[in-house]
Amino acid sequence: MNETLKTISQRYSCRAYDGHLPEKEKLEAIALAAVQSPSAMNRQPWQIIVITNKSLIEEMDAEGMRILAEAEDKTTYERFMNRGGSVFYNAPCMYLILKQPGTDMDVGIVSENITLAATSLGLDSVICGMASIPFNGPKGDEFKKKVGFLDGWEFGVAVLVGIGKTKGKPHTPDISKIRYVE
Ligand SMILES: Cc1cc2nc3c(=O)[nH]c(=O)nc-3n(C[C@H](O)[C@H](O)[C@H](O)COP(=O)(O)O)c2cc1C
């Protein structure tokens, strides 16, 4: 197996971080991988905001959990309580991907480039759709200002990156989902 295929096979969603910030060079290499993603008509409809401000990540995490706790349906809240009571799992770094309307496919590719780059550098990561919660809540405008959300841009998705407290396992690939027409 070559290095790229090995990296793909090793990636898994990490949901417990030791909180230590990876080296700046690694964070920059991951950001570069993000903007090397392909995009429809090479429009590159993204902005990548690398957030390493610990207190800001914690503040958004607490607000996310507060919003989930207040929701009528407690299922999601309970799921995150069972995972340690945090939506961001003590991750020291969040790659926030902003998008232009209607560019989910492009954003998805960026998030995968980020997770694979992180894996290739020995780091752990998880794509985090839940990061939209604090930005869409009552303190959303405050958080958008703090991270420098640009006018006309929307939340795409986020990727949390750091060092796993314990290492998880990649999911077992379901090869029954593959068919060949020859
Ligand atoms: C668009 C998208 C959003 C996701 N959002 C979250 C999230 O908010 N929190 C989380 O813990 N995992 C999130 N995940 C990770 C998935 O749960 C995970 O990829 C899936 O369970 C398969 O596990 P694996 O990544 O370890 O193979 C997200 C994945 C994708 C692709």
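# Strand E2

In this predicted model, strand E2 is mostly covered, as 7 of its 7 residues are buried; a residue counts as buried if 20 or more other C-beta atoms, placed from the backbone, lie within 10 Å of its own. Strands (E, at least two residues) and helices (H or I, at least four) are DSSP runs, numbered from the N terminus. Cys93, Tyr95, Ile97 and Lys99 point one way from E2, whereas Met94, Leu96 and Leu98 point the other way, and all are buried.

The model is predicted, with local features requiring pLDDT of at least 70 and side-chain atom pairs counting only at pLDDT 80 or more, while totals for chains, interfaces and linings use all residues. Residues are numbered from 1 along each chain as its sequence is written.

# The sheet

An open sheet is formed by 4 strands in the order E1-E2-E4-E3, with antiparallel pairing; two strands pair if DSSP finds at least two bridges between them. E1 (46-51) and E3 are the edge strands, each pairing on one side only. On average, neighbouring strands of this sheet are turned by 20° against each other, direction ignored. Axes here are lines fitted to C-alpha atoms, for helices over the stretch in contact, and angles run from 0 to 180 degrees between N-to-C directions.

E2 (residues 93-99) is joined to E4 (residues 154-162) by 7 bridges, and the two run antiparallel. Within E4, Val159 stands opposite Tyr95, and Val161 stands opposite Cys93. Between E1 and E2, also antiparallel, there are 6 bridges; Ile48 has Ile97 in E2 as its bridge partner.

# Packing of H2 and H5

Helix H2 (residues 24-35) packs with helix H5 (residues 104-120) at an angle of about 150°, their axes being 8 Å apart. In this contact, Ala29, Ile30, Ala33 and Ala34 of H2 meet Val110, Asn113, Ile114, Ala117 and Ala118 of H5, where contact requires C-beta atoms, placed from the backbone, within 7 Å. By class, the contact of H2 with H5 comprises 8 nonpolar, 1 polar and no charged residues. Ala, Val, Leu, Ile, Met, Phe, Trp, Tyr, Cys and Pro count as nonpolar, Asp, Glu, Lys and Arg as charged, and the others, Gly among them, as polar.

# The ligand shell

Around the ligand are Tyr12, Ser13, Arg15, Val126, Ile127, Cys128, Gly129, Met130, Val157, Pro170 and His171; a residue is near a molecule if its C-beta atom, placed from the backbone, lies within 6 Å of it. This shell divides into 7 nonpolar, 3 polar and 1 charged residues. Strand E3 (residues 124-128) gives the most to the shell, with 3 residues.

Conventions. Two residues are in contact if their C-beta atoms, placed from the backbone, lie within 7 Å. A residue is buried if 20 or more other C-beta atoms lie within 10 Å of its own, exposed if 12 or fewer, and partly exposed in between; C-beta atoms are placed from the backbone.
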